[in-house]
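The sequence and structure are shown first.

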Amino acid sequence: MDIDTLIFFEQQPAALPLYEAFAKAVLKHYPDTKIKVQKTQISFSNKYIFACASFLRVKKKKDLPQPYLVITLGLSYPLDSPRVAVKTEAYPGRWTTHIVIEKEEDIDKELVGWVEEAYDFAMTK
């Protein structure tokens, strides 16, 4: 674990295991993924960013579980799932989709499938 990642999780250390499980799942499928820790998010990229992990407030604070992590994916379509907290069409044909995870079990086959779609979509830009 690098120091930048530890600093990122200083305010919400209980969410670190969620991030570690998500990053492990991404790297298992895409070992060439570049991970960049920034002030407000941790981005996962191939040629372009395809996923981010953050503490973005996508719901009212009282409606967010503790701990939580928001996974943001770039997709070519509006994902229709009750797991989606917010989706917006950033520009035509590009949808930004935010999914709140609260336990490691949320990083399941369905979520990994959406990450795969986001990875593939990022490769087509």
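## Salt bridges and their surroundings

Lys103 has a relative accessible area of 40% and is therefore partly exposed. The model in which this value was computed is a predicted one. Lys103 forms a salt bridge with Asp106, and their closest N and O atoms lie 3.2 Å apart. Asp106, by contrast, is buried, because its relative accessible area is 13% and the cut-off for buried is under 20%.

The structure holds four salt bridges.

| Salt bridge | Closest N and O atoms |
|---|---|
| Lys103 with Asp106 | 3.2 Å |
| Arg83 with Glu110 | 2.7 Å |
| Asp63 with Lys62 | 3.4 Å |

The salt bridge of Arg83 with Glu110 has its closest N and O atoms 2.7 Å apart. This pair links distant parts of the chain, 27 residues apart: Arg83 lies in the loop between strand 4 (69–75) and strand 5 (84–91), while Glu110 belongs to helix 3 (residues 109–123). Arg83 is partly exposed at a relative accessible area of 21%, and Glu110 is partly exposed at 40%.

A further salt bridge joins Asp63 and Lys62. Asp63 counts as partly exposed, with 41% relative accessibility. Lys62 counts as exposed because its relative accessibility is 69%, where exposed means over 50%.

The account returns to Lys103 and Asp106, which form a salt bridge.

Definitions and conventions: Residues are numbered from 1 along each chain as its sequence is written. This is a predicted model: local features need pLDDT of at least 70, side-chain atom pairs count only at pLDDT 80 or more; totals for chains, interfaces and linings use all residues. Side-chain values use heavy atoms; hydrogens and water are left out. A salt bridge is a side-chain nitrogen of Lys or Arg within 4 Å of a carboxyl oxygen of Asp or Glu. Buried means under 20% relative accessible area, exposed over 50%, partly exposed in between (1.4 Å probe, protein chains only). Helices (H or I, at least four residues) and strands (E, at least two) are DSSP runs, numbered from the N terminus.
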